[in-house]
Each structure stands twice: as C-alpha cells, then as structure tokens.
Amino acid sequence: MSIFILIGILIVSLIIVIKAADIFVDNLVEVGALLGISQIILGVTAAAIGTSLPEFGSAVIASLSGSVDIGVGTVIGSNIWNIAGILGISAIVAGVIKSDVKGINRDGAITLATAVILIFFMFLGDIGKIAAIVMIAVYVIYLRTLIKAQKEEAKSDKKEVEEKFGLKEDIGEKSGSKLKSIRPKNIIGILIGFAGLVVGCRLLVYSGVGIGEIYNIPEIIMGLFVLAIGTSIPELVVTLSSAMKGLHDLSIGTVLGSNTFNILIGIGVPALILNVPVDPISLYFDAPVMIFVTVLVLLLIKKDMKLTRLNGLILLATYIAYAAIRLFVLG
Amino acid sequence: MYEKILVTSTGEYLNEVIEHTLDLIHGRPMEVIGLYVADTSAPFLTPSKVKQMMVKELDEKGREVLKNMEQKFQKSNANVKFMPMLVEGDPAEKIVKIAEKENTDVIIMGTGKSKIDKHLLGSVSEKVVHSAPCTILLIRSKHKPLEQIE
C-alpha cells in the first residue's frame, strides 16, 4: 500500500479514536448517573480515562494483534512525551504553570511510583499476570484516594455555601437516588464509541506497522514516537488550553493522571491477557528516561511550585535529546 | 463626568486595576460593573467531559474574582454600587458588547504582557482598544500577568 494512503489512514484513525473515546466516556458517564453512581466517582473516573483511552485502546489492540512492542512503546513514549513534550510546550506558551503542594505530592508521588513499579517488573522479565494484577490494584487504590479527596473538597465547599448563604445545597454528591431508566441513545452511544475505538485503534496500529515496514522502522520506534504523540493529542489540547486559561491544576493534573493510567491500565490490562515481552533498550533506556523526566518535572515544580518558561525549554530540550539519541544512536 | 464604569479582570492585575479605579472614582457615587469573561472555547478534539470541567473551573474562578472585587470596592468606598457580571465567550468581544449594552462611560482593565506573551497568548486589551464604544483606561502593571491571580 502506498505511503500516502497509510499516512491518510493514520490521521483519520487518530481522529476516529479520539472522537470515539469521547463519545464512549460521555455516554458511559450518563448511564452511570442514571444508575445512581455518584457524580464524584463519575467525574474523577471520566477525567482520568477521558484523555487516556486512545493510548489504552492502541496498547490493547496492538498487543492482541501481535504487535506487543508497538503497544508498550506507545505507553512509555506517551509518558515521556506527556511530561517533557506537552508540559514543556505548555509552559513555554503559557509562560507559567502553577501547582499546589497537595496535588503535586499526591499525583506526583503516584506517577513516580508507577514508573518505578513498571521498571521493577520489567527487570523481572516479561510482564505477566501477577504484575498486571498488582498494577490494576494500585490504580484502583489511587482512584479511591482521588474520589475520597474529591468528596472532602465537595464537603468543604458545601459547608462554605451553607455558612455563607444559609442554603442546604447538595454539591457534588448527587447520587441520583431516583433511578431512571437507561436511554437507548446512551446504549447506542456506548456501542458506537466502543466500535469506533476498536476499529480506529486497529487501523492506527495497522497504519503504524505499515509505515514502519516501508521505511524499515522498528515497531517500538513507531509506538514510542508516532503513535505515542498521536494518541496524546487530547492531553496536548487539554494541558495547553488549560495552562493558557490559567487552570493550572487541570493542566498538570491531566499529564500526571494520564501517565499513571497509561502504565497501570495501559500495560496492566494487556498483561492480564498475554505476557508483555520486555525490549532490552526499553528496559535500559526508555523506561529510565521516563523516570528521569518524571523526577525532573517534579524537581522543577517543587522549587517554586510552578513551571516557568525556562523550565518548559529545559523539558522540551530533554525530549529532543531523548528522541535524537533513541532514533539516531540506539535506532 | 463618569457615572458608570466597567471594570474587567480575569484575576490578572486585579489589585492595581481596583486601586486605579478607586482613584478615578475619588469617593463619588458610582455604578461599577465588575465583569469576568470566562473564555470557554476549547480546541478541536478536547474531550467533552474535560471541557465541562474547564467551564466549571472557570466559573468558580470567576465567582472568586468577582467576590474579591466586590469586597475591595465596598470596603474602600461605600458610594460604589457594584454589579457583578459573569459571562462566557470571547473576552474582547464580550467586553465591547457589554460596554455597549450597559452604556458605560469608561472601561478599566489591566495590561502588561511582555512581547513574547503577546505573541504566544494574544492581548485582550489590544483587541478592546480597537473596537471599544467608550473611553478606556489601561492600567500598566509592573507585575507579570499570572503573579496576581488570587
């Protein structure tokens, strides 16, 4: 197949995957609300998986279709790009991205811990079922911590409103005590979203592998760079636009939350289905770089609880150096 | 000369904007419209649930800024009749439209972005200057835009 057709498929499939993920999450949240699940749980989960479904879908589909390297590459590559590339670009454009101690301690610590967990299991050999169970369990614990923190915040907001206005307002904890019947529209939406994700990810992996074969590029490189950057478009638009609007928590939170999800679920779930082999260069170079950029961004933020334009340049330069070494030196 | 003032801020330069507005009012009775425009536009491919979160966050931030504005005006000048206004849309466009609709005598807002910031982020004040229906008082801030967000 011609390279132009493959590039066309890659672009179209990326748009399908991102839009399908959006439709899927939207309808899933609506069904959840109709079933009486708390808005807090739905909100936290939707935000966490909303931007990461494309990476997750690509990793699962790639693994199931025999291109495991492309799956692992997409996850690790996305995590390096999210921090060094996306946060770097956002800090350069916005000038500054602020952070708060509580958020950075919780989300930063789990992001770093997640990267260490991955490298630990990589050292032990192929990532198998035990590693998968541990990763998924850690994610469930993290999600519970997030929900608990959100509930406490909603409670203090509610108290503030009651004290100020004497109103009894039900903020955030609307649990939909009145169960409504699920609308067919939502079920169709979930099915369309899911089908779009499966078809889109399959096409994405197919075009990625195809382009790689034409130019003799290893699958892991296609995953680390092409698919990783492509599937991270939602993170890029969310992080950049929230940084420009001064929504700093959302900006840094999106990247850290996405990185945690990418590893624990993006590698955890495929590893539950089949053994995920470990590429030696990934173990000794890509994964350590992922830990390095995570530590780097946390150190840069911790200094003044913000990322400056200079910090953004440092992060982006780190990404360019990583890409140059990985592509031209290690191959 | 001035009876109705439109003061607008997204939290940037807020202290200086209020300081200058109070100086302009000089203790006289004055109607002050405090305007916060939440720029809720989001790029293509932004997940809709995340967009909803952005709108909610901007809305909360806007309420905080307006509450802060109201407290500062009422504390410093009892003659100020303050009217908070929170709207969604393109900031420059909304500021001009509301100034027209409310027939304000002067728009007061901050300015002070560096050349790099102006290129990368754009400048609301520059856009307002070109199409404002009334006098504009631009407060030149010595602080960086994001330093003053409270």
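**A walk through chains A and B**

With 23 C-beta neighbours inside 10 Å, S67(A) counts as buried. A residue is buried if 20 or more other C-beta atoms lie within 10 Å of its own, exposed if 12 or fewer, and partly exposed in between, with C-beta atoms placed from the backbone. This is a predicted model, in which local features need pLDDT of at least 70 and side-chain atom pairs count only at pLDDT 80 or more, while totals for chains, interfaces and linings use all residues. Residues are numbered from 1 along each chain as its sequence is written, and chains are lettered from A and ligands numbered from 1 in the order in which they are written.

Stay with S67(A). It sits in the loop between α3 (53-64) and α4 of chain A. Helices (H or I, at least four residues) and strands (E, at least two) are DSSP runs, numbered from the N terminus. Which residues does S67(A) touch, leaving aside its neighbours within four places in sequence? They are A62(A), V205(A), V209(A) and E219(A). Two residues are in contact if their C-beta atoms, placed from the backbone, lie within 7 Å. A132(A) is 65 residues from S67(A) in sequence and 18 Å from it in space, C-alpha to C-alpha.

Now look at the largest nonpolar core. A nonpolar core is a set of buried Ala, Val, Leu, Ile, Met, Phe, Trp, Tyr and Cys residues joined through C-beta atoms within 7 Å. This one has 129 residues, and V17(A), I80(A) and I267(A) touch the most other members. Helix α4 (residues 68-94) of chain A supplies the largest share, 14 residues. Leaving aside neighbours within four places in sequence, the contacts of V17(A) include P54(A), L197(A), C201(A) and L204(A).

Next comes a pair of helices. Two packed helices are described by the angle between their axes and the distance between the axes. Helix α12 (residues 280-304) of chain A packs on helix α13 (residues 309-330) of chain A at about 175°, with the axes 11 Å apart. Axes are lines fitted to C-alpha atoms, for helices over the stretch in contact, and angles run from 0 to 180 degrees between N-to-C directions. The angle makes α12(A) roughly antiparallel to α13(A), a label for angles over 145 degrees. Among the residues in this contact are F285(A) and V293(A) of α12(A), and L315(A) and Y322(A) of α13(A). By class, the contact has 11 nonpolar, 2 polar and 1 charged. Ala, Val, Leu, Ile, Met, Phe, Trp, Tyr, Cys and Pro count as nonpolar, Asp, Glu, Lys and Arg as charged, and the others, Gly among them, as polar.

Where do the chains meet? The contact takes 20 residues from chain B and 23 residues from chain A. On the side of chain B, α2 (48-76) and α4 (115-121) each give two or more residues. The most come from α2(B), with 7 residues. This side has 12 nonpolar, 4 polar and 4 charged residues.

Within chain B, turn to helix α5 (residues 124-131). Its buried residues are V124(B), S125(B) and V128(B). They cover an arc of only 90° around the axis, so they lie on the same side of α5(B). The arc is that of the directions from the helix axis to the C-beta atoms. Their cover includes α3 (91-102), β4 (106-111) and β5 (135-140) of chain B.

Finish with two loops of chain B. H26(B) lies between α1 (14-25) and β2 (30-38). Its phi is near 55°, a positive value in a residue other than glycine. H26(B) is exposed, with 9 other C-beta atoms within 10 Å. N103(B) lies in the loop between α3 and β4. It too is not a glycine, yet its phi is positive, about 55°. N103(B) is exposed, with 11 other C-beta atoms within 10 Å.

Technical notes:
Angles under 35 degrees count as roughly parallel, over 145 as roughly antiparallel, 65 to 115 as roughly perpendicular and the rest as oblique.
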